[in-house]
Amino acid sequence: VPGSTCFAGCDEADLRSAIALLNGCPANPEGSEVTIAMGPDLATSCGAVPIPLAMAPTAPAVAAGACGDDNANRYNALCLAGTGVVLDGRGAIFAYAGDQICASCDGECTVCPGGPCANRQPALVVLRGARNTVRNLEMRFFPEGIQITQGDGHVVEHVTGRYVCEDAVT
């Protein structure tokens, strides 16, 4: 419902489920927002314990709350595809827990220090639609950070990108 706040638990499955539900909703009227707040209620955020996000490849299927891109870098990133959706981390720390190494070569070389180059550089969030917002979170160790691929009026605010391998915001 426009103007409402939904709460997602402090794990990947809960967050993906909430995003998938909102991506399936009709567009919000101009100016209204729906917020996904991390934590079980207004008084509780996810705190200082990092939330591991595997961003595991599931091709040819699509993970819940993902865009379903054919671009492997974004394939299972969290995807805000609606209008006026706010992902408010409320201080949450998202930590990449996948199996791709941090490497800028992205398939352009056969061996990087420490092993083969990553053929995927998973992103944390992809923004589409219009007027979507990502705020109040920290991302750690993601090969790619936040990618704005379609739409206009998107906002990224109060996001800390520690230990980003490639780009924090694209």
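**The disulfides**

Reply: This is a predicted model, in which local features need pLDDT of at least 70, side-chain atom pairs count only at pLDDT 80 or more, and totals for chains, interfaces and linings use all residues. Residues are numbered from 1 along each chain as its sequence is written, and side-chain values use heavy atoms, with hydrogens and water left out.

A search of the whole structure turns up 2 disulfides. A disulfide here is a pair of cysteine sulfur atoms within 2.5 Å.

Take Cys10 and Cys46. Their sulfur atoms are 2.1 Å apart. The link is left-handed, with -95 degrees about the S-S bond. It connects distant parts of the chain, 36 residues apart. Cys10 is in the loop between β1 (5-8) and α1 (12-23). Cys46 is in the loop between β2 (34-38) and β3 (51-53). Helices (H or I, at least four residues) and strands (E, at least two) are DSSP runs, numbered from the N terminus.

Now the cover. Cys10 is partly exposed because its relative accessibility is 34%. Cys46 is buried, at 11% relative accessible area. Buried means under 20% relative accessible area, exposed over 50%, and partly exposed in between (1.4 Å probe, protein chains only).

Next, Cys67 and Cys79. Their disulfide has an S to S distance of 2.0 Å. The torsion about the S-S bond is about 90 degrees, so this disulfide is right-handed. Cys67 lies in the loop between β3 and β4 (78-80), and Cys79 in strand β4, so the pair ties together parts 12 residues apart in sequence. Both Cys67 and Cys79 are buried.
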